[in-house]
Amino acid sequence: MNIIITLAYLLSSILFILGLKNLSSPKTARKGNLLAMSAMLVAIIATLTKNEIVDFTFIIIGLIIGSTIGVIIARKIHMTAMPQMVALFNGLGGGASALVALAEYFRLTGDLKLDVIVSMVVSLFIGAVTLTGSLVAFGKLQGLIRPTPVVFKAQHFLNILIFTLFLIAGIIVIINPANITGLLVILAIALVLGILLVIPIGGADMPVVISLLNSCSGLAVAATGFVLSNNILIICGALVGASGMILTRIMCKAMNRSISNIIFGAAGTISRDTGKEDNRKVIAYTEEDATMMLESAQTVIVIPGYGLAVAQAQFALQELVKTLINKGINVRYAIHPVAGRMPGHMNVLLAEANVSYDLLFDLGDINNDFQNTDVAVVVGANDVVNPSARADKESPLYGMPILNADKAKTVIICKRSLSPGFSGVDNELFYQKKTMMIFGDAKDSISKLIKLLKP
Ligand code: NAP
């Protein structure tokens, strides 16, 4: 029987790796998802057939409760709330790992080998940090707590002190595994540290935090795998940990920031009142004005952002793009890596509207083309086209590569007001002469444009 379970785990691992490979491109992402789902099914069935299971009662109760909650959340969740859900799921993954480590500790008391107790301490610590860190990230994204960085004096010193306490408690527990108080101290320290590490991060830096917490949840699972001597948990955890780390690096590159700068820099959002009178003027244009501009264009680049998801305007936007293409206009989408509220948000949204992948261009592939473009149409995007990222050293966006919408001959911006984006930074682009602000819900504005453009 054991050999069959081992082979099933091997098959599951191969499917997970193939799933991840396919998830790396929007073209093959659906297939990747299916492969990863099959891998999980094989792993669950193989684990349930283990003869170590003496009673299925709690497993069945857990399956029913977990699946019911999962189905309800998956059916009810709005696309715009997906990042919060990912943050919450990361946290629950970390919390589950910590609980399994604790349960094993109490089950095996008195009979703990060095490798098992070390894995328990690591699993408990990373799992608990991931739990509270993710809950804070969830609260920030959901607007339940202030999204701006919370900073106070001696914050780094406090974090280092707490981490040192963890190291001391960890060594004590490893030397004397019977020390339950030490283990509970580690749990308490980790729960507090999770909160302290995420509260100073906010605004535009949140994507990095989410991918980092995702990676941590994987590492916690891998450590739990060592606690239980379960190969599939070790492999899955390592895959999640490594892919989360790679994503974190990609996000850091997209923000042009180092990971230490993000975690310890406490930048992210600002609220600046210069005290000076604001004499800048914004002209509100109509959809009719924008139609005239689009009809006379030869090249158009569309920049989607978070507002596209809020307005659920992806279908209307694709219809607009098709209408323009049918008029002989060269239209492409420019995708910023941190547009929206989760990695790949815009790709997922546009895939829903069946946008051809050939029309999607990453920042690096399209940014130099804006200067030869007639119209840049910005739909619900803000931070990712904010020129302050290039010039304003005080801006928390400073250094983040942006899409060069301001280099196009004309910029059409569809949004409801002059409100700033996620980072809270005012956008100079709204006030430029070449910019046409079309105020209103993106779906309404785009639908009006389609009507006006259609013969
Ligand atoms: P953004 O800077 O947050 O701006 C979105 C804009 O959409 C807002 O200014 C808002 O303006 C507009 N909007 C909202 N609802 C709308 C509607 N119904 N119709 C039209 N417009 C609407 O978005 P972004 O340019 O995509 O930049 C993403 C930001 O989120 C970055 O700062 C990024 O770092 C951060 N972030 C990203 C992730 C990720 O993983 N991608 C995760 C967390 C945070 P109005 O209110 O005036 O309409």
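The model is predicted, so local features need pLDDT of at least 70 and side-chain atom pairs pLDDT 80 or more, while totals for chains, interfaces and linings use all residues. Residues are numbered from 1 along each chain as its sequence is written, and side-chain values use heavy atoms, leaving out hydrogens and water.

Reader: How do α5 and α6 run relative to each other, roughly parallel or roughly antiparallel?
Author: Helix α5 (residues 114–142) and helix α6 (residues 155–175) pack at about 155°, with axes 10 Å apart. Axes are lines fitted to C-alpha atoms, for helices over the stretch in contact, and angles run from 0 to 180 degrees between N-to-C directions. Angles under 35 degrees count as roughly parallel, over 145 as roughly antiparallel, 65 to 115 as roughly perpendicular and the rest as oblique. The pair is therefore roughly antiparallel.

Reader: Which strands stand at the edges of the six-strand sheet?
Author: The sheet is open, with parallel pairing and the order β3-β2-β1-β4-β5-β6; two strands pair if DSSP finds at least two bridges between them. Helices (H or I, at least four residues) and strands (E, at least two) are DSSP runs, numbered from the N terminus. Each edge strand has a single partner, so one side is left without a neighbour in the sheet: these are β3 (360–362) and β6 (435–439).
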